[in-house]
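User: Please take a close look at a single part of this model, the place where the two chains meet. I would like one connected account.

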Amino acid sequence: MTVPDQQRELLDVSADRWHERIADLLAGGMRFLTLWSDPAERVACALGSGYGTTVVRSTPAPGELQSIVDVAGAAAWDEREIHDRTGVQFAGHVPLRPLVAHPAATADWVTPVSGDDVHQVAVGPIHAGVVESGHFRFHVVGERILHLDLRLFYKHRGLEAAAAGATPDLAARLAQRACAACAVTNSVAVAQAYESAHAGVPDAAVRRARTLLLELERLYNHLNDIGAICSGIGLATGSMAFAELKERAQRVNAELTGHRFLFDTIAVGSSDLDIDASTAAHLRARVAAIGAEAALLWADVGANRSVRARIRGAGILVRDEALRLGACGPAGRASGVNDDARADGGLLWYPGFVGATLNDPSGDVAARIEIRAREITACCAIIEDVLSDPVRPGRVTLSGPAAGPGIAQLESPRGRTVAVVEPDRAVIAGLHLRTGSYANWPALAAACTGAILPDFPLINKSFELCYACVDR
Amino acid sequence: MPAWTGRPGVFVLLRHLAALRRSTDLARGAPRSVAIRHVDAGSCNGCEHELGATLGPIYDLQRFGLSITASPRHADILLVTGPVTTRMRDALLVAYSAMPEPRLVAALGNCALGCGLLGDPAEMIGSVEAILPVAVRVPGCPPTPDEIARHLLAGLEEVRAAHVRPTS
């Protein structure tokens with residue numbers, strides 16, 4: 001397998017050329033990846049084309065940059081976050097509402113919505129079931145949702161701040177603790193970002209091991225998510241049957257690595273995973289059985305008329321809106337946005353990757369569940385392919401540090417995850433993690449507009465976004 | 001004429017009914033079920049996944065009388081995950097203060113016990129024990145469904161004992 005194009009371009013621009021430069025790159029077909037504030041108090045924007053990246057950096061002058069949300073709608077949350085953390089203003093982003101900060105007065109963060117009979121329904125931060133913490137503010141007339149304001153970051157643990165000055169290995173472990181359900185993705189992202197800053201070339205063993213772990217993570221997550229949607233529908237048989245399959249997938253994880261969430265399996269610069277031929281064959285058969293049963297089960301559940309009536313047309317995210325907001329992962333693909341970081345090549349093991357697609361990407365709950373069902377089949381095929389041979393320890397060949405940050409892009413179970421590592425000799429000066437969940441929360445809010453309040457749990461489950469990944 | 005007539009308020013009626021129930025000769029039993037209110041105070045979601053699994057088809061904790069309840073008003077146990085971020089502290093204390101006596105607090109996972117790999121100390125209290133009296137401890141990162149089940153079933157015995165003990 002050839003080394004993919006790891007072209008890295010670094011452009012330092014003056015504040016007055018910030019917007020123009022980014023707009024030109026986007027017009028030239030590049031994709032917005034993330035915005036962050038670097039250790040030198042510059043604001044940086046990463047853009048991607050395939051696996052190659054371009055970073056545009058600028059020092060705000062004085063304390064202000066022109067907003068880029070007019071050309072990159074996906075940057076809205078990033079700009080709000082940078083403003084909360086550093087005080088930098090983004091001219092033209094009006095109003096620049098707080099995202100990470102939690103002002104006491106509701107008027108300081110809630111969108112004003114007025115009209116006959118408009119009222120607010122406040123939910124959280126503690127939810128009714130076994131759910132992560134976050135606050136939703138619905139603006140409704142009767143049951144109809146006019147607008148949804150999200151207030152997350154209740155679980156903010158300052159993991160990026162803790163990673164500043166840490167060794168690369170500690171930084172990867174902190175990123176792993178950001179979110180259990182995306183532990184592999186986040187730690188591989190940090191490892192690859194660090195390696196990318198050192199022109200790292202992973203050998204075939206490292207690529208195969210990381211790909212295997214990433215797909216095992218996707219498998220139990222997708223099984224979990226379909227079960228969760230069945231709970232949202234109120235179909236107990238579906239939710240229990242998929243819970244059983246998820247448990248079996250997690251037991252495969254435990255047998256393979258000693259941990260049900262694959263914790264502590266990723267190292268920076270190497271891979272220790274060692275699976276002999278007989279273990280590989282045995283686990284391969286178990287994964288194949290899970291995949292086959294999931295397909296049969298979904299054929300049964302998905303064809304159920306009452307299930308179909310419940311999920312069709314619920315929580316529609318139209319393609320233009322998905323593109324504008326930068327929706328990605330299964331949620332984006334369900335709306336016809338064919339974005340999958342695995343297709344960009346990268347430093348993993350996806351020979352001839354073709355992502356699952358839908359004939360009718362209708363952008364509703366039905367589409368988001370159907371795409372996951374298809375991806376489970378594809379995911380099992382990739383795992384079976386890797387496990388048809390033994391997996392051996394491997395190394396990443398690193399060279400001296402290059403100028404500028406290292407950036408990695410990975411496809412998490414929820415979408416494109418981007419990690420930025422600012423290396424400083426043996427330690428990390430800065431870490432920024434923008435996960436697939438972070439990218440998709442604004443799209444979830446958009447999909448709820450016009451829906452009815454009782455459909456919210458179902459629509460929410462069909463995105464099944466992590467709070468922990470966002471809050472960090 | 002019933003003793004409560006003429007006195008206003010539904011609570012007076014409830015207290016009267018409770019007194020009538022005590023006046024029977026039936027033995028006063030400790031509860032055989034436990035309602036759990038779960039609060040995520042900044043976890044990585046691993047504990048939530050595994051707690052969810054204990055309620056699934058394989059571990060099925062409901063068959064032992066354990067259930068998750070939506071309101072702290074109905075809860076016997078407050079089950080807390082995460083290192084208690086500064087932003088979740090108040091919500092956690094409100095949930096605890098809404099619970100009826102006797103009530104127990106359980107800390108689920110290493111973060112809640114103050115021994116996880118955490119982030120910036122300025123953003124968190126650091127453990128559940130620092131702000132609430134913890135009676136049940138479930139270590140692990142995250143604890144497996146087996147471990148959660150075993151500790152919660154032991155917690156059920158604690159709740160029974162708390163009901164039998166006279167409360168002040």
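Of the 168 residues of chain B, 46% count as buried, buried being under 20% relative accessible area, exposed over 50% and partly exposed in between (1.4 Å probe, protein chains only). This is a predicted model, in which local features need pLDDT of at least 70 and side-chain atom pairs count only at pLDDT 80 or more, while totals for chains, interfaces and linings use all residues. Residues are numbered from 1 along each chain as its sequence is written, chains are lettered from A and ligands numbered from 1 in the order in which they are written, and side-chain values use heavy atoms, with hydrogens and water left out.

Chain B contains four helices and five strands; these are DSSP runs (helices H or I, at least four residues; strands E, at least two), numbered from the N terminus. Along the sequence their pattern is α-β-α-β-β-α-β-β-α. Among the contacts in chain B with a separation of 6 or more, 78% join residues 24 or more positions apart, a contact being heavy atoms within 4.5 Å. Chain B exposes about 8,400 Å², and carbon and sulfur atoms supply 56% of that area; accessible areas come from the Shrake-Rupley method with a 1.4 Å probe, and for residues only the protein chains shown count as cover.

The contact between the chains involves 41 residues of chain A and 39 residues of chain B. Together the two chains bury about 3,000 Å², 63% of it on carbon and sulfur atoms; buried area is the accessible area (1.4 Å probe) that two parts lose on being put together, summed over both.

Two salt bridges are found across the interface, the rule being a side-chain nitrogen of Lys or Arg within 4 Å of a carboxyl oxygen of Asp or Glu. One of them pairs Asp40(B) with Lys155(A), where the closest N and O atoms are 2.4 Å apart. On the chain B side, β1 (34-40), α2 (46-54) and α3 (89-97) each supply at least two of the residues that touch chain A. The largest share, seven residues, comes from α2(B). By class, this side of chain B has 20 nonpolar, 12 polar and seven charged residues; Ala, Val, Leu, Ile, Met, Phe, Trp, Tyr, Cys and Pro count as nonpolar, Asp, Glu, Lys and Arg as charged, and the others, Gly among them, as polar.
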